[in-house]
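This text walks through one structure, starting with a single chain, moving on to a contact between chains and ending at one residue.

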Amino acid sequence: MQDILFYIFAALTLFFGFLVVVNPFSRNPVTSAMFLVLTIASLAGLFVLLNAFFLAAVQILVYAGAVMVLFLFVIMLMDIKEEERRRFKKFGVAMGLTAVAGLFGIVAKTIAESGVGAGLKPAFEGDTKTLGTALFSSGQFLLPFEIVSILLLVAMVGVILLSKKDLK
Amino acid sequence: MDWFNHLNPDLQFVLLSAVKVLAVLFLALLPMVAYSVLAERKISAWIQDRVGPNRVALPLLSGIPFLGSFLTRLGIWQPIADGVKSFLKEDFTPDHVRKIYFWLAPAITLIPAFLTVAVIPFGSTLGAQKMVIADLNVGILYSFGIVSLGVYGIVLAGYASNSKYPFLGGIRSSAQMISYEIAMGMSVVSVFMLVGDLNLSKVIEYQAGTTLGFIPNWLVFKQPVAFVIFLVAAFAETNRLPFDLPESETELVGGYNTEYSSMKFALFFMGEYANMIVSSAMMVTLFFGGWTLPFFGLDQRAESAQWLTGLAHIGIFVAKMLVLMVVFIWVRWMLPRFRYDQLMDLGWRRFIPLALANILATAVVLFLLNK
């Protein structure tokens, strides 16, 4: 059951991800954004299969519910027509394919060398309490957590500074 | 029931869940949506000193002496007429719309409201069954996640309509819902700091019993600030007056649903009421003790043989929910609409700092108590 679900969600993730970037039927940015939402939702499904319920819920809440809505907001406000008219350039396609092939080669080599088998044992199950304790215990992930928080704060201040037109 | 016990447990679970889903959806949620529309019309009529819907009569039932005419005057058959009307009206698709999104948007508005119901415990136990469709241990996060998807329907409706007023409505609604989601999420954090669990059944267990013998242990008394923020944010999330800027008639014709007609319009309408019902259910669960009452031992789970207690719990939950629904409707007909900048100001400059202060205060109190 779990295996079948994994293949279903993995296939959906790839399929929707594919449609985000190279949708043969529509070059509309809003369509791409909507497929990105579906990609995120299927990723959340994969998280659930890994017992990481918290991550799955946050994935939907933050990415699908907030970030993508803002994306959509901006796309709709700017009403981008340019993208629909643009044709594929041969050079661009060639470079893109090269990059994808390179990345695929690296990942395939890593997987082949590490050997696919039983898989690693998770450090902890993904339920909220253990996750919280792990994040806020000084022995475990407290320092990385604080650093990421400061990074986000800096980014936030930076965005406000950039978007303010005249600084006094 | 003999054949049922012979099935394997997985299949039993699937079948029982399906029965619960169908029962909650078709026996509870959809009729409640229909009749909350009637309640809205009746209450608005009483507030404005009118009579409200009192004409729709069914051929045989209205012939019953006294009772029949009483029900007709109450408008009890009105939702049936409304439903039939929205199916029979012409389903008009304007020429300039983006077809696919135009068709999808009404459905996308309605689905999240239905999905959220899954985690709400609407009763204790009936027989051996827990009265909740999915008892997730991240229940509240799940419901916030799904609720946050509700905005897509409205935004897409605005985009698909491809004309200026719906578009403005869609943009307004996305900005409004994102802003108030933050305040809403933060107000709930302090609740869960007290409870110590994200599971909604645990939240209800925490609220059983009384303090000083007569005040119920409901979180509304322990976290009044959180409740006020949640209530106001719920009004903003459901696009209800005083925050109904996405569809404010005086400025935007009908807002995001201007171009819609017949059943597609009705779906938006149902979505609004379904969202109200879900928010009320959420508030009952989080702040008003869910299916518990602190008297007559009604705050304990019903044993498997106590069918009556189980039914009473469901009744208590529904009754509490209906009170909050009436508040929703009442507020709509009492308060004028906010201006858009006032709405944003209230969300970002008042409620978010207030919610943060509330979290800090809760943390300090908990720290001092546990020291």
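Two residues are in contact if their C-beta atoms, placed from the backbone, lie within 7 Å. The model to which this is applied here is predicted. In chain A, taking the contacts between residues at least 6 apart in sequence, 58% join residues at least 24 apart.

The elements of chain A are helices: there are 7 of them, and 0 strands. Read from the N terminus, their order is α-α-α-α-α-α-α. Chain A has 168 residues, of which 15% are buried.

Next comes the place where chain A meets chain B. Chain A brings 18 residues to the contact, and chain B brings 15 residues. On the side of chain B that touches chain A, at least two residues come from each of α6 (139-149), α7 (151-161) and α8 (164-195) of chain B. The most is given by α6(B), with 6 residues. By type, this side of chain B consists of 11 nonpolar residues, 4 polar ones and no charged ones.

B:A183 sits in helix α8 of chain B. Is B:A183 buried or exposed? A residue is buried if 20 or more other C-beta atoms lie within 10 Å of its own. B:A183 has 25 C-beta neighbours inside 10 Å, and therefore counts as buried. Apart from neighbours within four places in sequence, the contacts of B:A183 are B:I229, B:A233, B:G347, B:F351, B:I352 and B:A355. Between B:A183 and B:I316 there are 29 Å in space, C-alpha to C-alpha, and the two are 133 residues apart in sequence.

Conventions: Residues are numbered from 1 along each chain as its sequence is written. Chains are lettered from A and ligands numbered from 1 in the order in which they are written. This is a predicted model: local features need pLDDT of at least 70, side-chain atom pairs count only at pLDDT 80 or more; totals for chains, interfaces and linings use all residues. Helices (H or I, at least four residues) and strands (E, at least two) are DSSP runs, numbered from the N terminus. A residue is buried if 20 or more other C-beta atoms lie within 10 Å of its own, exposed if 12 or fewer, and partly exposed in between; C-beta atoms are placed from the backbone. Ala, Val, Leu, Ile, Met, Phe, Trp, Tyr, Cys and Pro count as nonpolar, Asp, Glu, Lys and Arg as charged, and the others, Gly among them, as polar.
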